[in-house]
Amino acid sequence: MAQDETFVPEKGYTDYITNLDGLRGRIVAAIPLEPRMRVLDAAAGPAWFSAELAKRDPTLKIVAIDASERMVKAAERRIREKWLDSSIATMKMDATLLDFQPSTFSLVTNFSGLNRVHMTHGAQGVRQSIHEAARVLKSRGYMCFAIIPPEEAETIAQRLECETYSYACGLTWLPAIKYQEYLRGAGFSLVKRGTFYTGKKLGASQARQHLESTIEKVKSIEVGARPLDEVWKRYGAEIENEGLGHFSRVVLMIARKNA
Ligand SMILES: C[S@@+](CC[C@H](N)C(=O)[O-])C[C@H]1O[C@@H](n2cnc3c(N)ncnc32)[C@H](O)[C@@H]1O
């Protein structure tokens, strides 16, 4: 059920941006895990989601991959700091071209990476990364990913989240039906989907800050981005009134490889 969204308090910005009010942990709790499973966490960034998986079950053998060297280094630092070295290994790798043998993993996860894959490789890259997940999964293995389908936005702030980042730098979420089509094409059946809410949204100054830092990060990996002023000219007034969603409503898709 949809919730009312409240603004993230001014002093709570950094904590919300990194922890998302425990959203990753709640999503991990909904994923089918078994002891000692081999898990590939794709587009892992600084290993936030990987760490939640390891916290939930320290026997999991997780490989966290990211296309960015800088992110892999950040993930390694985090994993050391949290004493998670025995659960999580890191590798620099593109989710659209996995350097693993077929049938290596029992679970592939992707928390909020498929919009980034879209930014760097377009919709075909998203399709390709789902096909690659199918290839490296064992028979009857699971692929679980978290997305923000724009057509399902329940509040203006959630709609603005999808529109502004797509306009600013091509960080684009596809309609849910498109991911389902790619899953079917790769030999998966969708077994479950769930909707998760944080009940929070960013205020205008937090939204500006986050947009600015996203635009800068994207430029550092040589992806085209519009200047913040251009984005604000188009969406600023609405954001001032409504706030900006930030993982406020997330859909988890749990799919199983057919054979
Ligand atoms: C939103 S961030 C990380 C999210 C992370 N899973 C978490 O727990 O919050 C998305 C990551 O995707 C990575 N990325 C973008 N395109 C990629 C690709 N083609 N293959 C692997 N990683 C990719 C980026 O470098 C970035 O670190």
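**Helix α4 and a helix pair**

Reply: In this predicted model, helix α4 spans residues 69-81, 13 residues in total, and reaches 19 Å from its first C-alpha to its last, close to the 18 Å expected at 1.5 Å a residue.

Me: Which residues of α4 are buried, and what makes them so?

Reply: Met 71, Val 72, Ala 75 and Ile 79 are buried in α4. The term requires 20 or more other C-beta atoms within 10 Å of a residue's own.

Me: Why are the buried residues of α4 said to line one face of the helix?

Reply: Seen down the axis of α4, they fall within an arc of 100 degrees, so they line one face. An α-helix has 3.6 residues a turn, so residues three or four places apart point the same way. The buried residues of α4 pack against β3 (61-66) and β4 (88-92).

Me: What does the face of α4 turned away from its buried side carry?

Reply: That face carries the exposed residues Glu 69, Arg 77, Arg 80 and Glu 81. After α4 comes Trp 83, with a positive phi near 60 degrees.

Me: Why are α6 and α9 called roughly antiparallel?

Reply: The axes of α6 (residues 156-169) and α9 (residues 228-242) cross at roughly 165 degrees. Angles over 145 degrees count as roughly antiparallel, and α6 and α9 are therefore roughly antiparallel to each other. Their axes come within 11 Å, and the crossing is left-handed.

Me: Which residues of α6 and α9 meet?

Reply: Residues of α6 including Ile 156, Leu 160 and Tyr 167 meet residues of α9 including Val 231, Tyr 235 and Ile 239.

How values were computed:
Residues are numbered from 1 along each chain as its sequence is written. This is a predicted model: local features need pLDDT of at least 70, side-chain atom pairs count only at pLDDT 80 or more; totals for chains, interfaces and linings use all residues. Helices (H or I, at least four residues) and strands (E, at least two) are DSSP runs, numbered from the N terminus. The expected span of a helix is 1.5 Å times one less than its number of residues. A residue is buried if 20 or more other C-beta atoms lie within 10 Å of its own, exposed if 12 or fewer, and partly exposed in between; C-beta atoms are placed from the backbone. The arc is that of the directions from the helix axis to the C-beta atoms. Two residues are in contact if their C-beta atoms, placed from the backbone, lie within 7 Å. Axes are lines fitted to C-alpha atoms, for helices over the stretch in contact, and angles run from 0 to 180 degrees between N-to-C directions. Angles under 35 degrees count as roughly parallel, over 145 as roughly antiparallel, 65 to 115 as roughly perpendicular and the rest as oblique. A crossing is left-handed if the near helix is turned anticlockwise from the far one by less than a right angle, and right-handed if clockwise.
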